[in-house]
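Thank you all for coming; I would like to take a few minutes to walk through one model with you. Please have a look at the sequence and the structure on the screen before I go on.

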Amino acid sequence: MLRLEHSGDLHLAGIRRRIKARPMKEIAPLWQQFSVYQGWVPGQIGRTRYGVSLYVREDAGLFDYLACTQVATLDGLTSEWNKLTLPAQQYAVFEHAGHVSRMRQTVQHIFAAGLSAARLKPARPQLGNVMLIERYGASFNPQTGWGEIQVWGPVEKVSQATTTSARVRAEETVCNP
């Protein structure tokens, strides 16, 4: 199911890597590295974890990935942390139904059919901007790969009329490829 969400500024801290060719082979070890810090990040808010893909260069197939958690403030965090503030943004939020290993299929579905079915346009990619956010809820178990996962895609500014009609159309758009 899709919903629209307007997020305020979001302060994140974690570990960041440039991803080149095989995202799953490079992202999984990054999460393993970050998992030892879960609950120990200074100023951490809750147990939700985020995987943030940042636009680098489309023609090279590169992107930066930040395995992170939300923090109250970036002030006082040491240089060992990669810090990022995501400015307020409108997102299309899709539930990922299934194992984390199937995330690629969900993302492909969102950009191939999910957004257009809801008559939404992805936000234009710009250097350093968010391409996609994976949101792993408190029930997500990184050892088993099962639990609450949402995929947040930034969309162009949406009017209230569009929000209402997109929500109605999107109730039939279930992201379970």
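What you see is a predicted model, in which local features need a pLDDT of at least 70 and side-chain atom pairs count only at pLDDT 80 or more, whereas totals for chains, interfaces and linings use all residues. Residues are numbered from 1 along each chain as its sequence is written, and side-chain values use heavy atoms, with hydrogens and water left out.

The mean pLDDT, that is, the predictor's confidence in each residue from 0 to 100, is 84 for the protein chain, and 86% of its residues reach 70 or more. Over residues 161–177 the pLDDT is below 50, although this stretch has 35 contacts in the model beyond near neighbours in sequence, a contact being heavy atoms within 4.5 Å.

As for the fold, the chain has three helices and eight strands, taken as DSSP runs numbered from the N terminus (helices H or I, at least four residues; strands E, at least two). Along the sequence they follow the pattern β-β-α-β-β-β-β-α-β-β-α. Of the contacts with a separation of 6 or more, 76% are between residues 24 or more positions apart.

Of the 177 residues, 42% count as buried, where buried means under 20% relative accessible area, exposed over 50%, and partly exposed in between, with a 1.4 Å probe and protein chains only. A nonpolar core, here, is a set of buried Ala, Val, Leu, Ile, Met, Phe, Trp, Tyr and Cys residues joined through side-chain atoms within 4.5 Å. The largest one has 31 residues, of which Trp31, Phe34, Tyr65, Ala92, Leu115, Leu120 and Tyr136 touch the most other members. Among the elements that give two or more residues to this core are α1 (23–35), β4 (62–71) and α2 (103–117). A second, separate core of 14 residues includes Cys68, Tyr91, Val93 and Val130.

Now to the largest pocket, with a volume of about 1500 Å³. On a 1 Å grid over the protein atoms alone, a pocket is an open set of points where a 1.4 Å probe fits, with protein on both sides within 12 Å along at least five of seven lines, and lining residues have an atom within 4 Å of a point; the volume is the space filled by probe spheres set on the points, which are joined across faces, edges and corners. Of the 47 lining residues, the closest to the centre are Ser53, Phe63, Tyr65, Leu132 and Glu134. The largest share of the lining, seven residues, comes from α1.

Finally, which residues does tryptophan 81 contact, leaving aside neighbours within four places in sequence? They are Ala13, Gly14, Phe34, Tyr37, Val41 and Pro42. Tryptophan 81 is in the loop between β4 and β5 and is buried, with a relative accessible area of 7%. Phi of arginine 119 is near 55°, a positive value in a residue other than glycine.
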